[in-house]
Amino acid sequence: MRIAVIGAGAVGTLIARELCRYEAEVLLFEREPDVGWGVTKANSGIVHAGFHDEPGTLRARFCAPGNGLFPELAEELEVPFRRTGAYVLAFTEEECATLRELRAQGAENGVPGLEIHGREEVLAREPRVNPEVHAGLWSPTVGITLPWELAIAAVENALANGLELHLGEPVTGIEVSQGRVRAVCTGVGRYRVDAVVNAAGLFADHIARMAGLDGLALHPRRGEYVLLDETTGDLVNVVLFPAPTEKSKGILVLPTVDGGLLLGPNARDLPAEAREATETTREGLEEVIAGARRLVPEVPLSRAIKTFAGLRPESPQKDFVLGDTEVKGFYQAAAMRSPGLTAAPAVARWLAREISLAHSLPEKTGFRPKRKRIPHPADLPEAEWEALIREDSRWGRVICFCNRVTEGEIVEAIRRGARTLDGVKFRTRAGFGRCQGGFCTDRILAILARELGKGPWEVTARGEGSRIVLGEVRP
Ligand SMILES: Cc1cc2nc3c(=O)[nH]c(=O)nc-3n(C[C@H](O)[C@H](O)[C@H](O)COP(=O)(O)OP(=O)(O)OC[C@H]3O[C@@H](n4cnc5c(N)ncnc54)[C@H](O)[C@@H]3O)c2cc1C
């Protein structure tokens, strides 16, 4: 049995990993040169509790169970995850009524520990919150994680369990005959398969159409963010939500796992064809700042280091599209808007099991669930850092001063598959700090060129069309 998973975001990589638990050949196709560069790259990174989603939706069905799987998953894959808890803040009587509705909705969705706290308690726990707050819905199970690291870790672990990975290989066609999937086609070749999982994020409707299914229509809903540096992370301790709107969970203020602070996202619907429109806008960022200041008036904007935007894959049904279809062997894990990251582990486990039952796949013996992350010496006790340096002096050479990333980490990231500056950045956080690569890009580029046996002008930031060095000025 051969199964092709299309899309190496959080959803596709976790599905591929779960499928590796069964007796099957699993192939993962990704059009980008690396893992986790789609929707998974730019979002809030919140592991939601599950109170935002209307009971009866697939979002509600998979969010709280997904949240429940995160501690074990994060431990197995050594991915950062912190259960911070969250407040939904109410500033009017109407918003207080919304908190009560969310609490009831959460209880119906199986979300534990929801409580409404009065103004004094909210301000005692979170002194930087706007003193005009009336009440807060406290949710202890909300957490934060690094979405792209989850995808990278899931792939590394799946590779150790037999995955065949095809990066930089967009799927261009799906062969279906007599109502059954037969093969996937890419620019490189034709791969005979018995099943296909469509986890192509913003492009899942294109993939569904390749299999002859027209029922899925996606359009991007852009969310813009402002990221503040690691001197601001202790301004708030928990994720702060406003009362949600029809369209989104609203503009948030939250700590990041790196110790920074994230403000955003807003929500702007874009035309269906604007699936690469990840630029930020003045209007959008002003909306984000105003929204953040409503929750925490003293947000220190002078500490901003980056603005960015992500695109939500929105569908008219406002829900995930999951499971089998009228084409035998074609499965969907599509329209994964928020809380898709949170739901991903539960969706992956459920879908892999559905496929195993439908195709009578026995469980494989010897599946190894653990993956080791790249050591970050700056987080280690000094004796352990010294031991690493004795093994290889490159573990002692700091390349990214902001995040104290060593040459040893960068070389290890390249050994594990990084081929671009972003590939190194997402695996090690080199270039992710206050200077945003201003002081280390040339050094990382030189290491990439050396390790890959290329000229520096052949190294890119993120694949085709993003070269940094254009050529030699003097030979
Ligand atoms: C602004 C914003 C905030 C969000 N906040 C949260 C949050 O806090 N918590 C939460 O739970 N969820 C959140 N989400 C949702 C979450 O980010 C997504 O549900 C999740 O990342 C979707 O992952 P995915 O794997 O389905 O998609 P993607 O990460 O987009 O992966 C799909 C992959 O398919 C690839 N692909 C596309 N076409 C092809 C092709 N033809 N051939 C091969 N590969 C192809 C793409 O390149 C991509 O890498 C947010 C989303 C956004 C945009």
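**Helix packing, ligand shell and sheet**

Helix H2 (residues 58–77) packs against helix H8 (residues 340–358) at an angle of about 85°, and their axes lie 6 Å apart. Since angles of 65 to 115 degrees count as roughly perpendicular, H2 and H8 are therefore roughly perpendicular to each other. The model described here is predicted.

**The H2–H8 contact**
- From H2, the contact draws on Arg59, Phe62, Cys63, Pro65, Gly66, Asn67, Leu69, Phe70 and Leu73, while H8 contributes Thr342, Ala343, Ala344, Pro345, Ala346 and Val347.
- Sorted by class, the residues in this contact of H2 with H8 are 11 nonpolar, 3 polar and 1 charged.

- Six strands form an open sheet of mixed pairing, in the order E9-E2-E1-E13-E21-E20, with strand E9 (164–166) and strand E20 (321–324) at the edges, each pairing on one side only.
- From one strand to the next, the twist averages 15°.
- E20 and strand E21 (residues 330–334) run antiparallel and are joined by 4 bridges, with valine 321 standing opposite alanine 334 in E21.
- H8 also packs on this sheet, where it touches strand E1 (2–6), strand E13 (195–198), E20 and E21, and its direction makes about 20° with that of E20.

**The ligand shell**
- The ligand is surrounded by 41 residues, of which the closest are Gly7, Gly9, Gly38, Gly201 and Gly340.
- At least two residues of this shell come from each of helix H1 (10–19), strand E19 (304–314) and H8.
- By class, the shell around the ligand comprises 21 nonpolar, 15 polar and 5 charged residues.
- Domain 1 (1–82 + 142–218 + 315–373) and domain 2 (83–141 + 220–311) each supply at least three residues of the shell.

Technical notes: Residues are numbered from 1 along each chain as its sequence is written. This is a predicted model: local features need pLDDT of at least 70, side-chain atom pairs count only at pLDDT 80 or more; totals for chains, interfaces and linings use all residues. Axes are lines fitted to C-alpha atoms, for helices over the stretch in contact, and angles run from 0 to 180 degrees between N-to-C directions. Angles under 35 degrees count as roughly parallel, over 145 as roughly antiparallel, 65 to 115 as roughly perpendicular and the rest as oblique. Two residues are in contact if their C-beta atoms, placed from the backbone, lie within 7 Å. Ala, Val, Leu, Ile, Met, Phe, Trp, Tyr, Cys and Pro count as nonpolar, Asp, Glu, Lys and Arg as charged, and the others, Gly among them, as polar. A residue is near a molecule or strand if its C-beta atom, placed from the backbone, lies within 6 Å of it. Domain bounds come from an automatic or database domain assignment. Two strands pair if DSSP finds at least two bridges between them.
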